[in-house]
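Me: I am new to this structure and would like to go through it step by step. Could we take the strands and their partners in turn?

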Amino acid sequence: MGQPVERESGERDSGGAGQPELPPGQRLQRGWPVTHYGPVPRFRPERWEFRVFGATADGEKRCWNHEEFAALPYATVVADLHCVTKFSMLGAEWGGIPARTILELAPPAPVVTHVMVWAEYGFSSNLRLSDFASERTLFATHKDGELLTAEHGFPLRLVVPHLYAWKGPKWVRGIEYMTADRRGFWEERGYHNVGDPWKEQRYSYQEEPGDGPEL
């Protein structure tokens with residue numbers, strides 16, 4: 001097991017009564033609600049693979065089967081989860097494979113600026129490469145020491161603590177390196193292209209010039 005990563009500036013503390021500060025418009029959630037679009041996929045380990053493709057440094061695709069991916073170096077991150085539906089779950093310990101490990105094993109070409117995260121049923125979410133490369137971005141397999149349940153993304157979900165939770169899809173199957181930004185599933189349907197909860201970037205009508213490609 002990897003060593004826990006301490007909280008950073010993205011996890012903000014208030015000055016009052018020891019209570020953590022929440023992003024604007026959020027409420028504290030006890031427990032972990034199940035939220036997703038569509039059915040829960042059935043996990044078939046013999047068919048599962050994680051792919052890295054697109055603008056890789058060597059032009060080649062890289063794949064891991066489930067056993068190989070699970071054997072990659074494990075780390076933990078203590079981080080909050082902020083859902084765009086306005087609940088925040090604080091102080092969870094996420095365990096899994098750091099995004100930086102994937103970047104090291106399957107590096108992007110120097111011209112890559114964004115990543116598309118692909119999940120089951122063709123679901124997708126786009127990220128700036130800098131957000132994906134954060135030391136706190138994690139392909140989670142566990143929460144609080146327990147395997148994720150199917151409803152919460154088993155066998156793999158992405159956790160990007162400094163962005164709204166939809167930027168970290170459940171049931172992830174791979175990433176695509178991109179040389180230009182392209183909107184993912186929810187971003188094409190009116191959600192903000194960046195999704196910073198501390199700036200309350202919920203919807204596309206709030207976008208400033210440079211936040212994303214035109215709809």
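Me: Which residue stands opposite T76 in β6?
Reply: In this predicted model, strand β5 covers residues 75-82 and pairs with β6 in the antiparallel sense over 7 bridges. Within β6, the residue that stands opposite T76 is G95.

Me: Which residue in the turn between β5 and β6 has a positive phi?
Reply: The strands β5 and β6 form a hairpin, and 4 residues lie between them. With a positive phi of about 90°, the residue in that turn is K86.

Me: What is the bridge partner of H114 in β8?
Reply: An open sheet of 5 strands, with mixed pairing, has the order β4-β3-β12-β7-β8, and its edge strands, β4 (62-65) and β8 (124-128), each pair on one side only. Strand β7 (residues 114-119) runs antiparallel to β8 and is joined to it by 5 bridges. In β8, the bridge partner of H114 is R128.

Me: What percentage of the residues in the protein chain is buried?
Reply: The protein chain has 3 helices and 12 strands. Of its 215 residues, the buried share is 47%.

Terms used
Residues numbered from 1 in each chain as written. Predicted model: local features only at pLDDT ≥ 70, side-chain atom pairs only at ≥ 80, totals over all residues. Heavy atoms only, no water. Pairing = 2+ DSSP bridges. Helix = DSSP H or I, 4+ residues; strand = E, 2+ residues; numbered from the N terminus. Buried < 20%, exposed > 50% of the residue type's maximum accessible area, 1.4 Å probe, protein only.
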